[in-house]
Amino acid sequence: MAPSKKSKKSVESINSKLQLVMRSGKSALGYKTTVKALRNTKAKLVIISSNCPPLRKSEIEYYAMLAKCTVHHYAGTNSDLGTACGKFYRVSMISVTDQGDSDILSSH
């Protein structure tokens with residue numbers, strides 16, 4: 001029972017940090033813009049949803065490794081990730097280029 005409570009708390013923590021990034025920082029939503037940010041080595045953190053296709057996930061992880069960028073695997077689905085970003089649509093991945101007032105980069 002305790003591990004699920006801790007994981008729920010960490011999901012809420014990442015959600016609140018993500019909302020702060022969306023308000024005060026710079027980010028790019030989606031696969032295409034994430035790949036562009038990684039190729040230009042502008043991305044500092046990539047967050048991937050849990051139901052992202054495995055081939056796409058491994059491709060992004062490879063690009064992130066080349067760009068020396070950290071990857072966070074989001075616990076929720078793409079619908080949950082879109083909601084956490086404050087959007088009404090599904091988001092498979094998000095790349096954070098500027099954290100703004102959030103401390104999302106230091107926690108990962």
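This is a predicted model: local features need pLDDT of at least 70, side-chain atom pairs count only at pLDDT 80 or more; totals for chains, interfaces and linings use all residues.
**View 1. Strand β4 beside strand β1.** Here we look at β4, which spans residues 93–98, together with β1, which spans residues 26–29. The two strands run antiparallel and are joined by four bridges. For a landmark in this view, find Lys 26, which sits opposite Asp 98 of β4.

**View 2. Strand β4 beside strand β2.** Now we turn to the pairing of β4 with β2, the strand made of residues 45–48. This pairing is also antiparallel, and it too counts four bridges.

View 3. Have a look at the backbone here: the phi angle of Thr 41 is near 50 degrees, a positive value in a residue that is not glycine. Is Thr 41 buried or exposed? With a relative accessibility of 53%, Thr 41 is classed as exposed, because the cut-off for that class is over 50%.

**View 4. Lys 68 in the loop between α3 and β3.** Our last stop is the loop joining α3 (54–66) to β3 (70–73), which holds Lys 68. Although Lys 68 is not a glycine, its phi is positive, at about 55 degrees. The relative accessible area of Lys 68 is 77%, so this residue counts as exposed under the cut-off of over 50%.

Technical notes. Residues are numbered from 1 along each chain as its sequence is written. Side-chain values use heavy atoms; hydrogens and water are left out. Two strands pair if DSSP finds at least two bridges between them. Buried means under 20% relative accessible area, exposed over 50%, partly exposed in between (1.4 Å probe, protein chains only).
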